[in-house]
Amino acid sequence: MTRKALSILVLAAFPLAAHAGACAEAVQGEIAWNYEGTKRWNSDNVARLCRTAERSREPARCFEQVMHGGVDWGGGKRWKWSNAVALCRGTRDAAGTIECFRNRISSGLHWREAIDACQWDINSARRTGDESGSAASLMAGADIGGRYLKAVSGLCLTLNVFDQPNSRKQKLKKAFKKAFDPREHAKALAGAAGAGLVFGPGGPEMAATITSLRNAKKVRDAWKGDLIHGTGVTLMACGSVDQKFQRFERNGRFIRVAAKPDRCIKAKQGQAADNGGRVQMGDCKRQKRAAWYYNDAALRNGKGKCLDVHAPQRDEEGARVQIWSCNRAPQQKWRFLEP
């Protein structure tokens, strides 16, 4: 058979290799996708592995090393091919991605969380130019820097500085709970912290209640808006409160408070795996309850639970933000956006 005839035959058998660039050429017909030695790939799977890195051979190198090079996934060295694709897809640094995975496994993460964490790194590196995604660039210029963490409703994650378990503001909280329903209560508290109570119906009455309590010296220091460990989170209109309560930074696995970078959004101790678990601000420590993995617009913690808005309040200011089983529901979709 002539070389030309052989080339035509190869193109007919593996059409993707002729069109999708260096990555596909390094995969199709070159690397076995299973342990039986089958080198003919489904074109969709090639596209999945190579997506966003079509001109690079690094996804192919990564896949070959993971599948056939003895990388331990935490339970052995034989991989399900789809998991190897999930780890390597879009990488432009095969060695770096594999090293990332090994380090995550060594630190105690489950293999699925390790894959998500390394994909976060891959995507962050790819988007650095488009989104100015590094921590340094986010701090340049939440002013205090940082971005909104916006829910599907268009509302933003907001620190509720009066929602503190050990706060000196308990009398103020109790007064509002008696006077208003929980959603109006949450709006009032967020407003008191940052925007002077300009929210909707009942605003004047809420302001009068606070003024009365302040004059009676029952809520001393309540107006200062402390950012302390245990501060809870809620949803409020983006830009409706002081920026320090709504601006966050993506920094590796952590969601840091831009105004106080040593504080992160995390699950309450003992509740990171519980449906309905509390979400609050706390010290940034390398714990599973402080780690978040961004995948398909969801934020999943190290315990496999997702950042979730209480469904009945999904589109309302003052909605509860909690931990819940990941279910791809709209209330589990989040976006980091410029203010």
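A search of the whole structure, which is a predicted model, finds five aromatic pairs. In one of them, the ring centres of Trp-73 and Trp-111 are 6.4 Å apart and the ring planes meet at 80°, so the arrangement is edge-to-face. Planes over 60 degrees apart are assigned to that class. Trp-73 belongs to the loop between α4 (58-68) and α5 (81-88), whereas Trp-111 belongs to helix α7 (residues 111-131); the pair therefore ties together parts that are 38 residues apart in sequence. Trp-73 is partly exposed, its relative accessible area being 27%. Trp-111, at 19% relative accessibility, counts as buried, because the limit for burial is under 20%.

Another of the pairs is formed by Trp-79 and Phe-101, with 5.2 Å from centre to centre and 55° between the planes, and this pair is tilted. It also links distant parts of the chain, since Trp-79 lies in the loop between α4 and α5 and Phe-101 lies in helix α6 (residues 94-106), 22 residues apart. Trp-79 and Phe-101 are both buried.

In soluble globular proteins, nonpolar side chains tend to be buried together. The surroundings of Val-66 illustrate the packing. Apart from neighbours within four places in sequence, Val-66 is in contact with Val-71, Trp-79, Ala-84, Leu-87, Cys-88 and Ile-98.

Helix α3 was considered in detail. Its buried residues are Asn-45, Val-46, Leu-49 and Cys-50. Viewed down the helix axis, these buried residues fall within an arc of 125°, so they line one face of α3. An α-helix has 3.6 residues a turn, so residues three or four places apart point the same way. The buried residues of α3 pack against α2, α4 and α5. The N-terminal end of α3 is capped by Asn-42, which has a side-chain oxygen 2.7 Å from the backbone nitrogen of Asp-44. Just after α3, Thr-52 has a positive phi of about 75°, although Thr-52 is not a glycine. Thr-52 lies in the loop between α3 and α4 and counts as partly exposed, at 28% relative accessibility.

A positive phi is also found at Arg-328, about 65°, and this residue is likewise not a glycine. Arg-328 is located in the loop between β11 (321-325) and β12 (334-337). With a relative accessibility of 66%, Arg-328 counts as exposed.

Buried polar residues occur at several positions. Gln-28 lies in the loop between α2 and α3 and is buried, with a relative accessible area of 7%. A polar atom of the Gln-28 side chain is 2.7 Å from the backbone nitrogen of Trp-41. Ser-82, in helix α5, is buried as well, with a relative accessible area of 15%. Ser-82 and Trp-33 are 49 residues apart in sequence, and their C-alpha atoms are 9.1 Å apart in space.

Arg-247 is placed in the loop between β3 (232-237) and β4 (248-251). Its relative accessibility is 6%, and Arg-247 therefore counts as buried. Arg-247 and Arg-147 are 100 residues apart in sequence, yet the C-alpha to C-alpha distance between them is 5.0 Å. The side chain of Arg-247 has a polar atom 3.2 Å from the backbone oxygen of Gly-146 and makes a polar contact with the side chain of Gln-243, at 3.1 Å. Arg-247 also lies over the face of Tyr-148, 5.9 Å from the ring centre. An arginine is likewise placed over a ring at Tyr-35, where Arg-78 lies over the face at 4.1 Å from the ring centre.

Notes:
Residues are numbered from 1 along each chain as its sequence is written. This is a predicted model: local features need pLDDT of at least 70, side-chain atom pairs count only at pLDDT 80 or more; totals for chains, interfaces and linings use all residues. Side-chain values use heavy atoms; hydrogens and water are left out. Rings of Phe, Tyr and Trp (its six-membered ring) pair if their centres lie within 6.5 Å; planes under 30 degrees apart count as stacked, over 60 as edge-to-face and the rest as tilted. Helices (H or I, at least four residues) and strands (E, at least two) are DSSP runs, numbered from the N terminus. Buried means under 20% relative accessible area, exposed over 50%, partly exposed in between (1.4 Å probe, protein chains only). A charge sits over a ring if NZ of Lys or CZ of Arg is within 6 Å of the ring centre and within 35 degrees of the ring normal. Contact means heavy atoms within 4.5 Å. The arc is that of the directions from the helix axis to the C-beta atoms. A polar contact is a pair of N or O atoms within 3.5 Å; within protein, one must be able to donate a hydrogen and the other to accept it, and residues adjacent in sequence count only if both atoms are side-chain atoms.
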